[in-house]
Amino acid sequence: MTTVRLNSADPVSFDTDALIVGFRSGSEAPRPVTSADALDAAFGGKLAASLTAAGFSGRPGEIAKIPTFGAITAPLLVAVGLGDDASGPVEEVTERAMEAIRPFTG
(Lines give C-alpha, C1' and ligand atoms only; values in the text may rest on other atoms or scores of the structure.)
Protein backbone atom coordinates (compact mmCIF):
# COMPACT_ATOMS: atom_id res chain seq x y z
CA MET A 1 0.00 0.00 0.00
CA THR A 2 1.26 3.46 -0.88
CA THR A 3 1.39 6.11 1.82
CA VAL A 4 2.06 9.80 1.21
CA ARG A 5 2.97 12.14 4.05
CA LEU A 6 3.75 15.84 3.96
CA ASN A 7 6.61 16.51 6.29
CA SER A 8 8.95 19.45 6.80
CA ALA A 9 11.45 17.59 9.01
CA ASP A 10 14.99 16.74 7.91
CA PRO A 11 14.47 14.25 5.05
CA VAL A 12 17.97 12.72 5.02
CA SER A 13 17.13 9.80 7.29
CA PHE A 14 13.51 9.09 6.29
CA ASP A 15 12.99 5.35 5.93
CA THR A 16 11.05 5.32 2.66
CA ASP A 17 11.22 3.84 -0.83
CA ALA A 18 11.25 7.24 -2.50
CA LEU A 19 11.65 10.74 -1.11
CA ILE A 20 9.52 13.30 -2.97
CA VAL A 21 10.70 16.91 -2.70
CA GLY A 22 9.03 19.94 -4.27
CA PHE A 23 11.30 22.36 -6.14
CA ARG A 24 10.74 25.89 -7.42
CA SER A 25 12.36 27.03 -10.63
CA GLY A 26 15.20 29.47 -10.02
CA SER A 27 17.22 31.84 -12.16
CA GLU A 28 20.29 29.61 -11.94
CA ALA A 29 19.05 26.25 -10.64
CA PRO A 30 15.99 24.61 -9.09
CA ARG A 31 15.61 25.20 -5.35
CA PRO A 32 13.68 23.14 -2.79
CA VAL A 33 10.52 24.62 -1.29
CA THR A 34 11.63 23.67 2.19
CA SER A 35 14.91 24.30 3.91
CA ALA A 36 16.94 21.42 2.56
CA ASP A 37 20.45 22.24 3.72
CA ALA A 38 20.97 18.74 5.13
CA LEU A 39 19.62 17.17 1.95
CA ASP A 40 21.95 19.24 -0.22
CA ALA A 41 24.86 18.45 2.12
CA ALA A 42 24.10 14.72 1.80
CA PHE A 43 24.58 15.13 -1.96
CA GLY A 44 27.91 16.88 -1.41
CA GLY A 45 26.41 20.30 -2.11
CA LYS A 46 25.57 19.23 -5.66
CA LEU A 47 21.85 18.47 -5.52
CA ALA A 48 20.80 21.42 -7.71
CA ALA A 49 23.64 20.67 -10.15
CA SER A 50 22.57 17.02 -10.34
CA LEU A 51 18.98 17.99 -11.07
CA THR A 52 20.05 20.55 -13.67
CA ALA A 53 22.29 17.95 -15.34
CA ALA A 54 19.24 15.66 -15.54
CA GLY A 55 17.38 18.43 -17.40
CA PHE A 56 15.19 19.37 -14.43
CA SER A 57 14.44 23.07 -13.94
CA GLY A 58 11.50 23.06 -11.49
CA ARG A 59 8.79 23.94 -14.02
CA PRO A 60 5.24 23.01 -12.92
CA GLY A 61 4.52 19.33 -13.46
CA GLU A 62 8.14 18.45 -14.20
CA ILE A 63 9.44 15.31 -12.47
CA ALA A 64 13.01 14.00 -12.13
CA LYS A 65 13.99 10.71 -10.51
CA ILE A 66 17.52 10.66 -9.12
CA PRO A 67 19.11 7.55 -7.58
CA THR A 68 20.69 8.49 -4.26
CA PHE A 69 23.42 5.81 -4.17
CA GLY A 70 23.29 5.84 -0.37
CA ALA A 71 23.62 9.62 0.04
CA ILE A 72 20.34 9.48 1.99
CA THR A 73 18.32 6.58 3.43
CA ALA A 74 15.77 6.59 0.58
CA PRO A 75 17.18 4.93 -2.55
CA LEU A 76 15.38 7.35 -4.86
CA LEU A 77 14.84 11.11 -4.79
CA VAL A 78 11.85 12.31 -6.81
CA ALA A 79 12.04 16.02 -7.56
CA VAL A 80 8.68 17.62 -8.39
CA GLY A 81 8.54 20.95 -10.21
CA LEU A 82 6.24 23.57 -8.71
CA GLY A 83 7.15 26.59 -10.86
CA ASP A 84 8.52 29.96 -9.83
CA ASP A 85 5.81 31.09 -7.40
CA ALA A 86 7.53 31.14 -4.01
CA SER A 87 4.39 30.51 -1.99
CA GLY A 88 2.13 27.87 -3.49
CA PRO A 89 -0.66 26.32 -1.44
CA VAL A 90 -0.26 22.98 0.34
CA GLU A 91 -2.85 21.53 -2.04
CA GLU A 92 -0.48 22.19 -4.96
CA VAL A 93 2.35 20.31 -3.28
CA THR A 94 0.01 17.42 -2.45
CA GLU A 95 -1.33 17.26 -6.01
CA ARG A 96 2.20 17.24 -7.50
CA ALA A 97 3.30 14.57 -5.01
CA MET A 98 0.39 12.38 -6.05
CA GLU A 99 1.38 12.83 -9.71
CA ALA A 100 4.94 11.84 -8.82
CA ILE A 101 3.99 8.60 -7.08
CA ARG A 102 1.49 7.40 -9.67
CA PRO A 103 4.15 5.32 -11.49
CA PHE A 104 5.02 3.57 -8.21
CA THR A 105 1.48 2.54 -7.32
CA GLY A 106 0.93 0.15 -10.22
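Biologist: What is the bridge partner of I66 in β4?

Modeller: The partner is L77. This is a predicted model, where local features need pLDDT of at least 70, side-chain atom pairs count only at pLDDT 80 or more, and totals for chains, interfaces and linings use all residues. Residues are numbered from 1 along each chain as its sequence is written, and side-chain values use heavy atoms, with hydrogens and water left out.

Biologist: What makes β3 and β4 a pair?

Modeller: Two strands pair if DSSP finds at least two bridges between them. Strands are DSSP runs of E, at least two residues, numbered from the N terminus. Here 5 bridges join β3 to β4, so they pair. They run antiparallel.

Biologist: In what order do the strands of the sheet lie?

Modeller: The order is β2-β1-β4-β3, in an open sheet of 4 strands with mixed pairing. β2 (31–32) and β3 are the edge strands, each pairing on one side only.

Biologist: Why is T68 called buried?

Modeller: Buried means under 20% relative accessible area, exposed over 50%, partly exposed in between (1.4 Å probe, protein chains only). T68 has 4%, so it is buried. T68 sits in the loop between β3 (63–67) and β4 (76–81).

Biologist: Why is D10 called partly exposed?

Modeller: Its relative accessible area is 43%, so D10 falls in between. D10 belongs to the segment before β1 (19–24).
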